[in-house]
Amino acid sequence: LGVGGIHMGRHFGADLATNDLSDHLTSLANAAVNGGDMFTVRVVSNTIISAPTPTTTGGTEEVTFRVKSILAFHRVAGADVIIFGMYVHEYGEVGSSVYQGRVFIECVDSPPLLHETPGGERQAALTAILTGYIQWSASRGFSFLHLHAPPPQDGAKHIFVLRSLSVRLQSTVHLACWFEKVLSSARQGGYIAGTWSTWCGDDEDDSSDESTHADSSDLASDITRKALTAPGVGSAKWQAKHGIFNERYFMAKLNTPRLRIEQDIPLIPSRLAGRRADLSRFIANERLQFGTLEHAQYTAMTIARCLALESRYVQAQQQHQQQQHQQPPGTNPDGTGSVPPALR
């Protein structure tokens, strides 16, 4: 046994604490590949953050929002590998900000595809996970969903692996196409009423007939854009036509269902995964890798074990604080009497 009763041996995503959202996404991921239990999805962090946030008038305001970190695990050859990570910002509970009622998919990321993990299965599972989160957001009463395919110049927009410029050039197009596929699936499911999208810097937008238009400049990036070309992703003319040089923004109007989910999942504090930079820094500092099956399994085991240790530590702290609040004056934590310092 290790610290807090956590075994030092093999760890799995399923060992981490679950909740309604985790169970919902896990069920959808497995259903997308004909059932089974090869995929496990966990919300590993759910925290409340207040931060200065840009406004549409050019100023800033203090905005409070929730940050969720979601990881998806895939069981391969008897052990887990991480296949997906997502950070979302939920603006919906307090304040009168223009952000209120909106969900921003801050980052989605996947490690490199392994030979042992079929690409079709992974793609189907990831589409189900993001579509399922859109369904959850609509059920929670959020009004709008925002997604962002970052420009290739933004080398910091990742969770797991720092990618080369060539890979980022291709990812800009592939991610935008995947977002379109997910939004189409969510619309067919009745979770969204319409969509709006644009390549940053375009004069015209690309909207569905039922779209609600809104200014997304408050979410815009100030990354300097340069004329870049991506080998193997069409000609330079094709890339220019499809906006590969620029980031792409998507917005969807969410449909509120009759049966709403009134309460969010419990808060899950985490210093390891509370913010995207925290998890990325941990992976880099520990020199965790994803290039081979063995490396990917070790990485997933290490992250799962550290998250489990952190969860046990937080629970112990919370129980200790509750005991202190419940402890009658003049007694020890075990209920026995104590001598006040003035009488010693």
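This is a predicted model: local features need pLDDT of at least 70, side-chain atom pairs count only at pLDDT 80 or more; totals for chains, interfaces and linings use all residues.
**Entry 1: the overall layout**

I started with the element count, and the protein has six helices and eight strands. Going along the sequence, I wrote the order down as α-β-β-β-β-α-β-α-β-β-α-β-α-α. Next I looked up burial: 48% of the 344 residues count as buried. I also checked how far apart in sequence the contacting residues lie. Taking contacts between residues at least 6 apart in sequence, 69% join residues at least 24 apart.

**Entry 2: α1 against α2**

Two packed helices get described by the angle between their axes and the distance between the axes, so I looked up both. Helix α1 covers residues 20-31 and helix α2 covers residues 119-139; their axes are 8 Å apart and the packing angle is about 140 degrees. That angle makes α1 oblique to α2, because roughly antiparallel would need an angle over 145. I noted the crossing of α1 past α2 as right-handed.

Which residues make the contact? From α1 I listed Asp20, Leu21, His24, Leu25, Leu28 and Ala29. On the α2 side I found Ala125, Ala128, Ile129, Gly132, Tyr133, Gln135 and Trp136.

Then I turned to helix α5, residues 276-285, and asked which of its residues are buried. My list reads Arg276, Leu279, Ser280, Phe282 and Ile283. These residues span an arc of only 160 degrees around the axis, so they sit on the same side of α5. I reminded myself of the general rule: an α-helix has 3.6 residues a turn, so residues three or four places apart point the same way. Looking at the other side of α5, I found Ala284 and Asn285 exposed. Just after α5, I noted that Arg287 has a positive phi of about 55 degrees.

**Entry 3: Asp80**

Last stop was Asp80, which I placed in strand β3, residues 79-91. Is Asp80 buried or exposed? I put it down as buried, because its relative accessible area is 3% and the cut-off for buried is under 20%.

I then looked for polar partners of its side chain. One is the backbone nitrogen of Gly13, which the Asp80 side chain reaches at 2.7 Å. Another is the side chain of Arg75, joined to that of Asp80 by a polar contact of 2.7 Å.

Leaving out residues up to four places away in sequence, I listed what Asp80 touches: Phe12, Gly13, Ala14, Phe73, His74, Arg75, Ala296, Gln297 and Ala300.

Note on methods: Residues are numbered from 1 along each chain as its sequence is written. Side-chain values use heavy atoms; hydrogens and water are left out. Helices (H or I, at least four residues) and strands (E, at least two) are DSSP runs, numbered from the N terminus. Buried means under 20% relative accessible area, exposed over 50%, partly exposed in between (1.4 Å probe, protein chains only). A polar contact is a pair of N or O atoms within 3.5 Å; within protein, one must be able to donate a hydrogen and the other to accept it, and residues adjacent in sequence count only if both atoms are side-chain atoms. Contact means heavy atoms within 4.5 Å. The arc is that of the directions from the helix axis to the C-beta atoms. Axes are lines fitted to C-alpha atoms, for helices over the stretch in contact, and angles run from 0 to 180 degrees between N-to-C directions. Angles under 35 degrees count as roughly parallel, over 145 as roughly antiparallel, 65 to 115 as roughly perpendicular and the rest as oblique. A crossing is left-handed if the near helix is turned anticlockwise from the far one by less than a right angle, and right-handed if clockwise.
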